[in-house]
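Here is a friendly walk through this structure, point by point. Please keep the view open as you read.

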Amino acid sequence: MTRLHVHGGDGRLGRAIVLMAKASGAYEVSISGREQKAAEQEAAWDIAIDVSQPQGSLAIAARCAAAGVPLVIGTTGHTVDELDQLRADTARTAILLSPNFSVGVNLLFWLTGKASEILGPEYDAEIVELHHRLKKDSPSGTANRLGEIIAETRSLQFDKAGRHGRKGFSGERTRNEIGVHALRGGDIVGEHTVYFAGSGERIELTHRASSRDTFAKGALRAADWLLGKPAGWYEMRDVLGLA
Ligand SMILES: NC(=O)c1ccc[n+]([C@@H]2O[C@H](COP(=O)([O-])OP(=O)(O)OC[C@H]3O[C@@H](n4cnc5c(N)ncnc54)[C@H](OP(=O)(O)O)[C@@H]3O)[C@@H](O)[C@H]2O)c1
């Protein structure tokens, strides 16, 4: 049995992971969060999954790095400095960070890169994402990743090229911008559409998640894959062979 620790284990995604892990019979599960302290020490964990908030990721990553426990991070909304801190921890343990554990979204990442390469900058790229009203960060980590992928294919930097919403006299659209628009409401699990709008035609690539179980399944698949890997930085595309 794999001894799995879930940080943020009492949240929406955390609960889905814990339920699925227990139902499989393959894991001995422990949890921690903001309110709950871990009952045992890191030495009792084979692998950890973090689905909390950025500050929580930093805390659990430091503990996992010190103990050499591999860590899968699904939390989104980290700042550049926070990501740098997580990268520093990969000197001591294996860390896999993924803003989205679903196989379909990781395929969308791949398809978006291919489409952007083939279509080129004369097709304007815009990203629209929808999530439930309780989501705290925006745009979603998945939308940011889609933006980074498009920016990479166009030799742009997403932190400069990203255009987050438009209001007022915003001027004509330039080739060097990637629009990003975040909608919030109800219980939407997560939807992402990438538009490539050219002259006379438009392509839309859409992924819709209808259940958190798709993320839970991916998180456990990532955890199984990361077990025994050497210290370093990994992503979901490594797990799925899409690198
Ligand atoms: N990678 C993916 O596929 C994927 C999919 C969906 C969501 N996510 C991301 O996963 C994260 C959690 O999402 P969710 O919908 O499950 O949120 P949630 O329901 O708010 O759950 C977060 C859990 O983490 C706890 N927490 C918050 N801050 C913490 C801290 N500093 N230290 C320890 N625990 C802390 C919360 O405790 P309290 O209730 O006490 O605040 C809660 O139990 C978000 O960043 C979300 O964007 C990723």
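**Notes on the model**

1. Let us begin with one side chain's surroundings. W110 counts as partly exposed because it has 15 C-beta neighbours inside 10 Å. The scale behind that word runs as follows: a residue is buried if 20 or more other C-beta atoms lie within 10 Å of its own, exposed if 12 or fewer, and partly exposed in between, with C-beta atoms placed from the backbone. W110 sits in helix α4, residues 103–119.

2. A word on the ground rules. Numbering starts from 1 along each chain as its sequence is written. The model is predicted, and local features need pLDDT of at least 70, side-chain atom pairs count only at pLDDT 80 or more, while totals for chains, interfaces and linings use all residues.

3. Now the whole protein. Its secondary structure comes to eight helices and eleven strands; these are DSSP runs numbered from the N terminus, with helices being H or I of at least four residues and strands E of at least two. The radius of gyration is 19 Å, close to the 18 Å that the globule rule gives for 243 residues, so the protein is as compact as a globular protein of that length. That radius is taken over C-alpha atoms, and the rule is 2.2 Å times the number of residues to the power 0.38. Along the principal axes, the C-alpha trace spans about 60 × 35 × 30 Å. Buried residues make up 39% of the 243.

4. How is the protein divided? There is domain 1 (2–101 + 212–240) and domain 2 (103–209), with bounds from an automatic or database domain assignment. Between them, the contact takes eleven residues from domain 1 and 13 residues from domain 2; two residues are in contact if their C-beta atoms, placed from the backbone, lie within 7 Å. On the domain 1 side, α7 (213–226) and α8 (236–240) each supply at least two residues, and α8 gives the most, with three. The residues on this side divide into three nonpolar, six polar and two charged. For these classes, Ala, Val, Leu, Ile, Met, Phe, Trp, Tyr, Cys and Pro count as nonpolar, Asp, Glu, Lys and Arg as charged, and the others, Gly among them, as polar. The centres of the two domains, taken over C-alpha atoms, are 27 Å apart.

5. Do look at the ligand. It is surrounded by 23 residues, of which the closest are G8, G11, L13, G56 and G74; a residue is near a molecule if its C-beta atom, placed from the backbone, lies within 6 Å of it. Both α1 (12–24) and α2 (54–67) supply at least two residues of this shell, and α1 gives the most, with three. By class, the shell has five nonpolar, 14 polar and four charged residues.

6. Leaving aside neighbours within four places in sequence, A219 is in contact with I17, I49, V72, G74 and F101.

7. Two backbone details deserve a check. Most residues other than glycine have a negative phi, and most peptide bonds are trans. A cis peptide bond joins S138 and P139, with omega about -10 degrees. P139 lies in the loop between β6 (124–131) and α5 (141–153), and S138 is partly exposed, with 19 other C-beta atoms within 10 Å. S155 has a positive phi, near 55 degrees. S155 is in the loop between α5 and α6 (158–161) and counts as exposed, with 8 C-beta neighbours inside 10 Å.

8. Finally, is A151 buried or exposed? A151 is buried, with 20 other C-beta atoms within 10 Å, and its place is in helix α5. Leaving aside neighbours within four places in sequence, its contacts are L156, Q157, F158, A161 and I178.
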